[in-house]
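Trainee: Could you take me through one part of this model closely? I would like to look at the salt bridges and the ligand site, and to hear how you read them.

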Amino acid sequence: MEIKKVGILTGGGDCPGLNSVIYGIMLKAYEAGVSCKGILKGWKGFIENLTIPLDIAEHDDLHTVGGTILYTSRTNPFKGVASIEEKAKEIAKQFQELDIDALIAIGGDDTLSVADALYKYAHMKVVGCPKTIDNDLAGTHYTFGFWSAVQLASNAMDNLTTTAHSHQRVFVVEIMGRDAGFLTMYSGISAGADIILIPETPFDLEQDVIEVLKKRVNAGYKYHIIAVSEGAYPSLKSLERDFKTISKEIIDKLPKDSFGNPLLAKLGISNVIVHELNLRMDLKEEFLKNDVEFECRSVVLGHTMRAGTPNSFDRILGLRFGLAAMKLVLDGNFGKMVSLQGNQIKTYSLSEGVKKKYITPENDKMELRDLLVKIRYLSKQK
Ligand code: F6P
């Protein structure tokens, strides 16, 4: 069947570069004589028939604009249903209601798993485009939005150094990334953060934070920036030995994700660290010995990291993903998602591509982080 109308939806948390993908799709669709229909608020709009026409003449240079003109939601039509197969067959009827021949879904693992089921169980003409600022999807080297968010966090930490310097303070900066530490690792290294804590390597408060701060203050440093992922957490040994304000019981009582793991991002880890450090008299004394009063503050970057316009990398990657996704539609190559491998745009099966990715021990950023943290104070020791 010839494709005449393609639907586009964006689901999950927003991300700089979503509009760039939409524009990339629209450019190729226009050339191919295919019209685009915007489906609003992700899968919610798909089910409820919420649409807008997408006329490219109305959207010059849309790739430069942050957010998504299609709005987004975290609606997952499969949540709580007994049979995904049955539900997929049921909602597949929406293709007719919406009057679309094919659909491009732009989203993370949650959004794309719905697209995958529509393809698998109802043979719908679906293509996916991976999105997350966290960069934690296995099927692509980079997701758009990641480098914009890294830059925002890096700039924030660069800027914090001036006020940290003026007040001789410790700043604990909490960076988005629930499961993986890519954002914290890259922005922390980029800004030269003094301690970098990520979910992949549970931290030891005594060894990785308190000892490092003591060594730094003895080496002459008067202020310190700690970059911490919202999903970072202490090792069990450190939790039991070093923590006064949280315990294993508190972590066990946190709400759980769909796999039953506690949602550590709900801990407010930067505040926990500030409270713990404030209780440490030995740390305060070490600072005072070096003529520095110990003062520690937390800064949660939160949604500022997803805000604003995409950087050039993300604009171009978004456009490339959009173009590639539309080409898959034109080629009749469904059930796939676009991806970046090296500098090449490739395709992946939807079900494989949306698996999670983490920073592994052999990643050279691990070594870089450890060197960056320790060589500065070591090289200044008398
Ligand atoms: O997955 C992207 C992300 O930005 C995470 O880094 C963060 O934990 C989450 O979304 C926040 O989601 P929400 O905007 O729904 O609070």
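Mentor: Happy to! A polar contact here is a pair of N or O atoms within 3.5 Å. Keep in mind that this is a predicted model.

With that cut-off in hand, let's start at the ligand. One of its oxygen atoms is 2.5 Å from an N or O atom in the side chain of glutamate 230. Histidine 303 also reaches a ligand oxygen with a side-chain N or O atom, at 2.8 Å, and a polar side-chain atom of aspartate 134 lies 2.7 Å from an oxygen atom of the ligand. The protein covers 77% of the 400 Å² of accessible area that the ligand has on its own. Around the ligand you will find Arg74, Thr132, Ile133, Asp134, Met176, Gly177, Arg178, Glu230, His303 and Arg306. By type, this shell divides into five charged, three polar and two nonpolar residues.

Now for the salt bridges. Side chains of opposite charge can pair when their charged atoms come close. A search of the whole structure finds 24 salt bridges. In one of them, the side chains of aspartate 194 and arginine 376 meet at 3.5 Å, N to O. Aspartate 194 sits in the loop between helix H7 (182-191) and strand E7 (195-197), while arginine 376 belongs to helix H15, so this pair ties together parts that are 182 residues apart in sequence. Aspartate 194 counts as buried because its relative accessibility is 6%.

Another salt bridge brings together the side chains of aspartate 282 and lysine 214, at 2.9 Å from N to O. This pair links distant parts of the chain, with aspartate 282 in helix H12 (residues 281-289) and lysine 214 in helix H8 (residues 205-218), 68 residues apart. Lysine 214 is buried, with a relative accessible area of 14%, whereas aspartate 282 counts as partly exposed at 26% relative accessibility.

Aspartate 252 and lysine 248 form a salt bridge too, at 3.0 Å from N to O. These two are four residues apart in helix H10 (residues 248-252), so about one helical turn separates them. Aspartate 252 is partly exposed at 40% relative accessibility, and lysine 248 is partly exposed as well, with a relative accessible area of 35%. Elsewhere, salt bridges that share partners join Glu206, Lys214, Arg280 and Asp282 into one network.

Finally, back to helix H15 (residues 364-380), where leucine 371 is found. Leu371, Ile375 and Leu378 make a nonpolar surface patch of about 240 Å², and leucine 371 counts as partly exposed at 37% relative accessibility.

Methods
Residues are numbered from 1 along each chain as its sequence is written. This is a predicted model: local features need pLDDT of at least 70, side-chain atom pairs count only at pLDDT 80 or more; totals for chains, interfaces and linings use all residues. Side-chain values use heavy atoms; hydrogens and water are left out. Patches are made of residues with over 30% relative accessible area and no salt bridge: like charges are joined within 9 Å, nonpolar side chains (Val, Leu, Ile, Met, Phe, Trp, Tyr) within 5 Å. Accessible areas come from the Shrake-Rupley method with a 1.4 Å probe; for residues, only the protein chains shown count as cover. A salt bridge is a side-chain nitrogen of Lys or Arg within 4 Å of a carboxyl oxygen of Asp or Glu. Buried means under 20% relative accessible area, exposed over 50%, partly exposed in between (1.4 Å probe, protein chains only). A residue is near a molecule or strand if one of its heavy atoms lies within 4 Å of it. A polar contact is a pair of N or O atoms within 3.5 Å; within protein, one must be able to donate a hydrogen and the other to accept it, and residues adjacent in sequence count only if both atoms are side-chain atoms. Ala, Val, Leu, Ile, Met, Phe, Trp, Tyr, Cys and Pro count as nonpolar, Asp, Glu, Lys and Arg as charged, and the others, Gly among them, as polar.
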